[in-house]
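Q: Could we go through this structure step by step? I have not seen it before.

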Amino acid sequence: MTLPVCFSLNVNDAVESVEASPETPLLYILRNDLSLNGPKYGCGLGECGACAVLIDGRAVRSCTVPLGAVGARRVITLEGLGTPERLHPVQAAFIDEAAAQCGYCLNGMIIATAALLNRNTDPDEDAIREALRHHLCRCGTHMEILAAVRRAVAYAKVERARRSTLDGVSPKAAKEVSP
Amino acid sequence: MINNLHSRRGFLKGTVLATGGLVLAVQLPRMGRATGPASSSEEAAFTPNAFVKIDENGITLIMPHTEVGQGIYTSSAMLMAEELELRLDQLKVEAAPPDLSKYMDPILYDQATGGSTSTRSDWMRLRQAAATARIMLVGAAAAKWRVDPAQCRVHEGTIYHDASNQSSTYYDIAAEAAKLPVPADVPLKDPSQFKVIGTRAKRLDTPGKVNGSVVYGMDIRVPGMKYATLAISPVTGGRFTKMNEAAARAVKGVLDIVTADNAAVAVIGEHMWAAKQGLDALNIEWDAGENGAVTVDTIVAKMDQVSQQPGVVIRDENKAVDVIANAPTKLSAIYRSPFLSHSPMEPLNCTLHIQDDRAEVWVGTQVPVRTQKAVADITGLPPEKVTVNNQLMGGAFGRRLDVDTIELAAKLLKDTRYPVKLVWTREQDMTHDYYRPYYYDRVAAGLDKDGRMIGRTHRVTGSSIFARWAPAAFKNGIDPDAVDCASETPYDEEAVFADYVRDEPAGVNTSWWRGVGATHNLFVVESFVDEMATATKQDPLEFRRKMLTKNPRALAVLNLAAEKAGWGQALPPGRGKGISLQVAFGSYLAHILEIEITDEKEVRLVRSVIAVDCGVVINPDTVVAQMEGGVIFGLSSAMFNQVTFTDGAVDQTNFDTYRVLRINEAPKIEVYQIKSGEAPGGVGEAGTAAAAGALGNAIFAATGKRIRSLPLAEALA
């Protein structure tokens, strides 16, 4: 076991300092040191996906990523995805499909879906099933989760359309319409 | 350290009543003795209940049952909102404290959540509690205004007297209402007036589950809390013989090493990673003890032997054995169902703070009273000095109906005086489960020359869970769960013989598992009914229909499922459909599963059609979710799962060796609900019980191979 070292992490767009040995899995740092509950411990083997987080926009299993390998990359957990007032489209879709039973796997399902939409804005059914096949759910929420992901794809399209409309507004025009 | 205990404002708040608040202690009529099992707590009367709380925080349902993902917090809130004339979002839900006198499940005779009894238990009492509260509140407002209560109306928690243009919120009149006598026998709404019950209300708990704000037992943080993880003897009854304590203490952050009964060791640390590293450094050596030679083969060989002797008779009508002996067509078979693990997504955990004069526990449990007693028994504290903070559960499937984990936590942490969160790794969880028993079934049947079943026998051999969990329900050697759906079927039967041989497997703890006895027995009975149809060259659907002359609700679900599944339509080669029909948990269900044998000789689940009559439906979306979830849970196990033992230790340690049906492997599932005015039946386990029989029958239809043992992966190998 190597000695603890001070690390600087970029988590949910804040810089966090932690002192730990570099082989400590990121999951333990997020849950223990940063008091985040979104990423869940489920298996510790990278089998179930409950611990997934986004690193530079890609879904990774935080139980298998050593702290020392994270570096300055941007880590987003479920807590950093959206806010209750401004939900991420994937979160909104899961609420609208009531796609949770016990909900313990949901962190991984939502993170995997957000990562899918980051790399493929219009995934078909096969792409959706492929993206989620390595995330386990014990309650059997499979149908609701698939429905929520389909809905999330639609919500993300609307969100992109809204953003591109805003982007098209010139700074001057934007200033004029703001109160 | 952030204290996140109160982050779920308005959802699962502390159980201490705010001062000045009103608790309407609702006097409910004692319910008739249900058909469920009696327990040692039988003397606890079903007397004053307190389910409604109105205070400055709002209107709260004090929830007698626990949320394991089945949606009960939402459907029970719907019952209460209906009679209190509230919108669902006006009602908060709070976990009931351990109190058998108020929160006992009248079917289970315990404060317990299991057996798909919650809605059946709460259907009357929560509506009565709410209606009683509403009548008292309206009565108080009417008295204040000096008007006739009958002239008042309630809308969304506000009482109106339109003629005098007066109104009052429930909260404003609550203190007055509390002074009124509690009325008895309050009238309930006519179902035609329902506004909430029967609607597709959104679950109350989803928003907190999509952003990480809900708190499961695993997420508990209390001030000063340390972390611990443990190793338990790999073999039941084993003991540790050697460990390197110095190496563990040398790990930075390790605080202490504690043991229990020479059979379990926990390392406590400042950090979970330190505790885990410390545990690894201990390098514990174990002596396996008397169960060190146990394998599944030794267990099954014994079951084969004991099942050849007569068991305790459950049902004996019209000399079934003689009828079969003289029948023109007779058949017999042995069916085997493996040990299974619960493995909920949230591994076992328990946070405990034991002090000299009191203790506090934070845990997700299906049995809060047993939890309190477990900590009290180990610590020597009186139960009232043990505070139980029940948490949301990341699944349970029966595992959290036992308190072995809480007892062990209390033994390990008895002498620590600071709070500790003890976490089972997935490996410790899976290898120290209380498993679904292995069952060994001998069945036989006789059919007459017209292919009519004229006699049936069924001998169940397996562990009795009731004998351990609720000895009072284990009467005269009969475990009513072990033979559920074996001795009684939905079909017309004249000559039946059913008996039970109790056989406790050496070195294996057994317990309730989603779908309980019905799951194993329906696999056997529904597969064997198919065998009878095959033996007499009859269509499995027609064969069943002819035997349902006295069971219109069962026939109706069977017909509906057959129609929706397109039974009888030609299928491409390699495909097959299988039926499973059941009356279980107070609900009627028919399942028709279509499968395909792929070019790689693997089983692909194509389409699952479920028709269900569960009486009055509280929330149709919840019924659909439970049917889908239940059938997937059952298919997952039937296809892949078994727990085996080598040298007394469990072979399956994590999800790499205990496979879960993946999202891309799920069939298309269609759920059809029959509209019914009957009292509600249970839905949480019904789908699970309907899975394996339909799967085995579909395999037979596709391949001609009869599945008489599970899991499928092994049976087909």
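A: A word on annotations first: UniProt positions are given in the numbering used here, feature names are shortened, and annotations may be inferred rather than shown by experiment. This is a predicted model, in which local features need pLDDT of at least 70, side-chain atom pairs count only at pLDDT 80 or more, and totals for chains, interfaces and linings use all residues. Residues are numbered from 1 along each chain as its sequence is written, and chains are lettered from A and ligands numbered from 1 in the order in which they are written.

Q: Which feature does UniProt place at residues 211-290 of chain B?
A: The unreviewed UniProt entry gives "domain: Aldehyde oxidase/xanthine dehydrogenase a/b hammerhead" for that stretch of chain B.

Q: And how much helix and strand is there over residues 211-290 of chain B?
A: The stretch is 20% helix and 34% strand, and its end C-alpha atoms are 48 Å apart. Helices (H or I, at least four residues) and strands (E, at least two) are DSSP runs, numbered from the N terminus.

Q: Now the two chains. How many residues of chain A are in contact with chain B?
A: 51 residues of chain A are in contact with 53 residues of chain B; contact requires C-beta atoms, placed from the backbone, to lie within 7 Å.

Q: Which element gives the most to that side of chain A?
A: That is α6(A), with five residues. Elements giving two or more residues include α1 (26-33) and α4 (106-119) of chain A.

Q: What classes do the residues on that side of chain A divide into?
A: There are 26 nonpolar, 17 polar and eight charged residues. Ala, Val, Leu, Ile, Met, Phe, Trp, Tyr, Cys and Pro count as nonpolar, Asp, Glu, Lys and Arg as charged, and the others, Gly among them, as polar.

Q: Changing topic: at what angle do α1 and α3 of chain B pack?
A: Helix α1 (residues 72-84) and helix α3 (residues 118-145) of chain B pack at about 35°, with axes 7 Å apart. Axes are lines fitted to C-alpha atoms, for helices over the stretch in contact, and angles run from 0 to 180 degrees between N-to-C directions.

Q: Which residues meet there, in α1(B) and α3(B)?
A: Among them are L79(B) and M80(B) in α1(B), and W123(B) and L126(B) in α3(B).

Q: Lastly, what is the strand order in the open sheet of four strands in chain B?
A: The order is β22-β23-β24-β27, with mixed pairing; strands pair if DSSP finds at least two bridges between them. Strand β24 (residues 603-613) of chain B and β27(B) pair in the parallel sense over six bridges, and V609(B) has E670(B) as its bridge partner in β27(B).

How values were computed:
Contact = placed C-beta atoms within 7 Å.
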